[in-house]
Each structure stands twice: as structure tokens, then as C-alpha cells.
Amino acid sequence: MLRAYVEEHDERTTVTDNDNTTVTRNDEAGRYEIHVGGELAGFSEFSTDPKGRLRFTHTQTDPAFRGQGLGGTLVAGAMADVARSGETVRPYCPFVAKYLSENDVDGLTVDWPTPRPAASEG
């Protein structure tokens, strides 16, 4: 599980699991981003629906960073941050759905869409 701290800064939340990798909430872009050594390595897009739930719709890792488990680190950090903020997740992204099907996130409220998205390796 991601060992993290959260810091508020200019409408962004930063979750850091080591000095080299950070997961950042970028509300302006509507996504969580993972940076490795300061370089954008991937993102998970979300939007807010009329009920205030965060709809996660797409997760992507830069091909240069694949195979390092960064997608899981990204989604773990994003879900932990959403849980801390008290928001609800609505997973439409198959990668996020797979992560949530296989992992418990303390305090996270998930409102599954019907039908559930097919799980994906990302």
C-alpha cells in the first residue's frame, strides 16, 4: 500500500511515496497525475457528476514508464486522496474498476455504475 502524506497547494493535492515518485491531483486538468523524477509518467482522468461524485473515466501510463507498477501506484494514491477528502468514486475506467475490485481503500465510498466496467490490465 502507498505510504503517503497529503499537502494542499494551489488546489492540488500531492501524495508522495518516495522522493522520486509523486501523485498529484490537478483539478484544473481534471486528473490525477503521476510524476517520476519530475516527468509526467501517467494520469487518471476524472470529472464531477451532478451528484458531486468523481467519475474516473480513463487511466494512461506513458509507454516509456510501463512495466514499473506506476498505474497501480497512481490509482492507489488517487483513491487514498479521494477517501481522505470524503468524496465518492464512480469508476468507469476499467483500470480503476479492476484496482477497486481487488483492493480495499479505507474510508473510500464507491458508487458502482450499472453495468460495471470490464476490468482491464491498463
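**Hairpins, crossover and core of a predicted model**

Strands E3 and E4 form a hairpin with 4 residues between them. Glycine 30 sits in the turn and has a positive phi of about 65 degrees. The model described here is predicted. The two strands pair in the antiparallel sense over 6 bridges. Strand E3 covers residues 21–26 and is mostly covered itself: 5 of its 6 residues are buried.

The overall layout comes next. The protein chain holds 2 helices and 8 strands. Along the sequence, these elements follow the pattern β-β-β-β-β-β-α-β-α-β. Of the 122 residues in the chain, 46% are buried. Contacts between residues at least 6 apart in sequence were also examined. Among these, 37% join residues at least 24 apart.

A further hairpin is made by E5 and E6, with 5 residues between the strands. Its turn contains glycine 52, which has a positive phi of about 85 degrees. Most residues other than glycine have a negative phi. Pairing between E5 and E6 is antiparallel and extends over 7 bridges. Glycine 42 has threonine 61 in E6 as its bridge partner.

E6 also pairs with strand E7, residues 88–91. Here the sense is parallel, over 3 bridges. Arginine 55 stands opposite arginine 90 in E7. From E6 the chain crosses through H1 to E7. This β-α-β crossover is right-handed.

Strand E6 spans residues 54–61 and includes histidine 58. Is histidine 58 buried, partly exposed or exposed? Its relative accessibility is 31%, so histidine 58 counts as partly exposed. The value falls between the limits of 20% for buried and 50% for exposed. The side chain of histidine 58 makes a polar contact with the side chain of glutamine 60, at 3.0 Å. Leaving aside residues up to four places away in sequence, histidine 58 touches Phe43, Ser44, Glu45 and Cys93. Tyrosine 92 lies 34 residues from histidine 58 in sequence. In space, their C-alpha atoms are 7.6 Å apart.

The interior was then considered. Nonpolar side chains tend to be buried together in soluble globular proteins. The largest nonpolar core in this model has 25 residues. Which members touch the most other members? They are Tyr32, Phe56, Met79, Leu100 and Leu108. Strands E4 (31–36), E5 (39–48) and E6 each give two or more residues to this core, as do helices H1 (70–85) and H2 (94–102). The largest share comes from H1, with 8 residues.

Aromatic rings were searched across the whole structure, giving 3 pairs. One is formed by tyrosine 32 and phenylalanine 56 and is stacked. The ring centres are 6.1 Å apart, with 25 degrees between the planes. This pair links distant parts of the chain: tyrosine 32 belongs to E4 and phenylalanine 56 to E6, 24 residues apart. Tyrosine 32 has a relative accessible area of 0% and is therefore buried. Phenylalanine 56 counts as buried because its relative accessibility is 0%.

Phenylalanine 56 also forms an aromatic pair with phenylalanine 46. That pair is tilted, at 5.6 Å centre to centre and 40 degrees between the planes. It joins phenylalanine 46 in E5 to phenylalanine 56 in E6, 10 residues apart. Phenylalanine 46 is buried, as is phenylalanine 56. Tyr32, Phe46 and Phe56 form one aromatic cluster.

Helix H2 has its own set of buried residues. They are Phe95, Val96, Ala97, Lys98, Tyr99 and Leu100.

The peptide bond from threonine 114 to proline 115 is cis, with omega near 0 degrees. Most peptide bonds are trans. Proline 115 lies in the segment after strand E8, residues 109–110.

How values were computed:
Residues numbered from 1 in each chain as written. Predicted model: local features only at pLDDT ≥ 70, side-chain atom pairs only at ≥ 80, totals over all residues. Heavy atoms only, no water. Buried < 20%, exposed > 50% of the residue type's maximum accessible area, 1.4 Å probe, protein only. Contact = heavy atoms within 4.5 Å. Polar contact = N/O pair within 3.5 Å; in protein donor to acceptor, adjacent residues only side chain to side chain. Core = buried A, V, L, I, M, F, W, Y, C linked by side-chain atoms within 4.5 Å. Pairing = 2+ DSSP bridges. Right-handed = clockwise from strand over helix to strand, strands pointing away. Phe/Tyr/Trp six-rings, centres within 6.5 Å; stacked < 30°, edge-to-face > 60°.
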